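This report concerns the packing, pairing and surface of one protein chain. The sequence and structure are shown first, and the description follows.

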Amino acid sequence: MHTILPFLLAMVAAIVLLNMWANRLRIAYPILLVVFGLLVSFIPGLPAVKINPDLIFFIFLPPLLFEAAWTISFKEMKKWWRIIGSFAFLVVFFTAFTVAIAANYFIPGFTIALGFLLGGIVSPPDAVSTGAIMRFVKIPNTTSAILEGESLLNDASSLIIFRFALIAVGTGQFVWQEASLDFLWMVIGGTVIGLVLAWLFVQAHKKLPTDASSDIALTLIDPYLMYWVAEQFHCSGVLAVVCGGLYMSNKRMIFLNSTSRIRGYSVWESFVFILNGIVFLIIGLELPEIVGGLRSEGIPLKTAIEYGVWVTVILILARIISSYAAMIATIIFRPSVAPRASSARRRFAMPLILGWTGMRGVVSLAAALAIPITLENGTPFPNRNLILFITFVVILLTLLVQGLTLPYFIKYLRPFADFTDEEKEKQARQEVRHQLKQHVYHFLKNKHENAVHSSTGIERLLRHWEEKNQSNNTDWMDEEIRTVFFEMLESQRQFLSELNKDISIDEEIIRHQLYQIDLEEERLRMLL
């Protein structure tokens, strides 16, 4: 313990420093973390990094998926559910199938089952890597929502493939009828369990006398419980966490107060940042042990690298082909929702960019490390080290090649030039603020009309909003005025929730205003 603790603390410190360096270099921090982990792994005397395969999913996946579901716009997911669903399921299955066929053909000793296992591991793009890279380029919120929604759901589809492939490798057979029933149970059961538990968690938050600290602690427990319960019933723990997280995200204004929401945001942001950083460092630190396993099995390192490069090329091509197929199908069958651009060059550049956003990362590594060391009969799992090495090469190459070149592709091809309208977004924000101020003014005037002339405080509060006065002096507030002020803030939240039903308004604008209201409420509570 005394040996590993300083190493873990050094890892966290390295994650923070590398993130600051990545921001200065304007590149995605996962790239630096992987390279740094790879370089550090060659330092002699460092403790070996070993993770129990049975715990890798349970430790990392639930909170990462829960946080992603908490931050995504559910309205945008509903709006673009067709393309999100096609990328999250059809493209993942097509990619896994392509990898399975290719691996069976050019890797000696690779069965179709092992090929599907490898395909299920490397098929899902990583949301963290894509999001970190997108910070340095301007893309439409629509494209961002599609990428986030895809990355949220493709983890579930890829891990379902992974689970069935593990069964096929272990038993040597695959019964389609049983697999179909198991698939339905995993999907339906995982969804139902996640929603039921999420509803129970919401009720617990509402009825228990919790404060901000206990609310945040419970939200840290919630995803682990969702995942664990679903897995006990042999359902998809990933789908349970995703569905439960989406439900709780949409109910956050009901069961969490402003203090819990503001503090919880900071806690979760730091927690997920550290988890992601540790995983990307582990990707690099695991390499020497994986290479040692390859040598023990008599597989030349050069040959293993060639396999990894070929699988990476197949993944990139499969995603690009799928992107163009999705665009062509949309133009043919649903031209009304097809992307419009000022030129054919820009229209056909968009699928290329979407196809080039397939960086792999956390989920791929977690799935690869979760492969059991031995089969149920005690024999070593076939080609485990080779699968781990290929996964490492895929993650490294997609992060370095696609991750470093994606911003330049977007700047050069300019596929979103017609859609990235900063002035339009600014006007939308101003319009929402204007409507909100009008709502507050009418709320005060209509509900407290009788008290306007009898109460100097309410009259001043009304004048404050009418004249947009920004004074910080709150000495004039008594208990009655504070009550009115809190009612006014709650009314603003309800108004924004109704306004959010308008599909033409970006949900990020609404969430930004809700966050501002939470900050205003916290400022007022600090003065009490």
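Both Trp 70 and Phe 255 are buried, where buried stands for under 20% relative accessible area, exposed for over 50% and partly exposed for values in between (1.4 Å probe, protein chains only). The model is predicted: local features need pLDDT of at least 70, side-chain atom pairs count only at pLDDT 80 or more, and totals for chains, interfaces and linings use all residues. Residues are numbered from 1 along each chain as its sequence is written, and side-chain values use heavy atoms, with hydrogens and water left out.

**Aromatic pairs**

Rings of Phe, Tyr and Trp (its six-membered ring) are paired if their centres lie within 6.5 Å; planes under 30 degrees apart count as stacked, over 60 as edge-to-face and the rest as tilted. The whole structure holds 11 such aromatic pairs. Trp 70 and Phe 255 make an edge-to-face pair, with 6.4 Å from centre to centre and 85 degrees between the planes. Because Trp 70 lies in helix α3 (residues 53–71) and Phe 255 in helix α12 (residues 252–255), this pair ties together parts that are 185 residues apart in sequence. Helices are DSSP runs (H or I, at least four residues), numbered from the N terminus. A tilted pair is formed by Phe 97 and Phe 116, at 6.3 Å centre to centre and 50 degrees between the planes. It links helix α5 (residues 81–106), which holds Phe 97, with helix α6 (residues 112–122), which holds Phe 116. Phe 97 is partly exposed, with a relative accessible area of 44%, and Phe 116 is also partly exposed, at 26%. One aromatic cluster consists of Phe 66, Trp 70, Phe 255, Trp 268 and Phe 271.

**Salt bridges**

Side chains of opposite charge can pair when their charged atoms come close. A salt bridge here is a side-chain nitrogen of Lys or Arg within 4 Å of a carboxyl oxygen of Asp or Glu.

| Salt bridge | Closest N and O atoms |
|---|---|
| Arg 261 and Asp 518 | 2.6 Å |
| Asp 518 and Arg 493 | 2.9 Å |
| Arg 493 and Glu 490 | 3.2 Å |

Through shared partners, salt bridges join Arg 261, Glu 490, Arg 493 and Asp 518 into one network. Both Arg 261 and Asp 518 are buried. Arg 493 is buried as well, with a relative accessible area of 5%, whereas Glu 490 is partly exposed at 34%. Arg 493 and Glu 490 are separated by about one helical turn, because they are three residues apart in helix α22 (residues 479–499).

**Nonpolar core and surface patch**

A nonpolar core is a set of buried Ala, Val, Leu, Ile, Met, Phe, Trp, Tyr and Cys residues joined through side-chain atoms within 4.5 Å. The largest one has 113 residues, and Phe 57 and Leu 117 are among those with the most contacts inside it. Helix α18 (residues 384–413) supplies the largest share of this core, 13 residues.

Helix α15 (residues 301–333) gives the largest share of the patch, seven residues. Ile 305 is found in helix α15 and is partly exposed, with a relative accessible area of 38%.

Technical notes. Helices (H or I, at least four residues) and strands (E, at least two) are DSSP runs, numbered from the N terminus.
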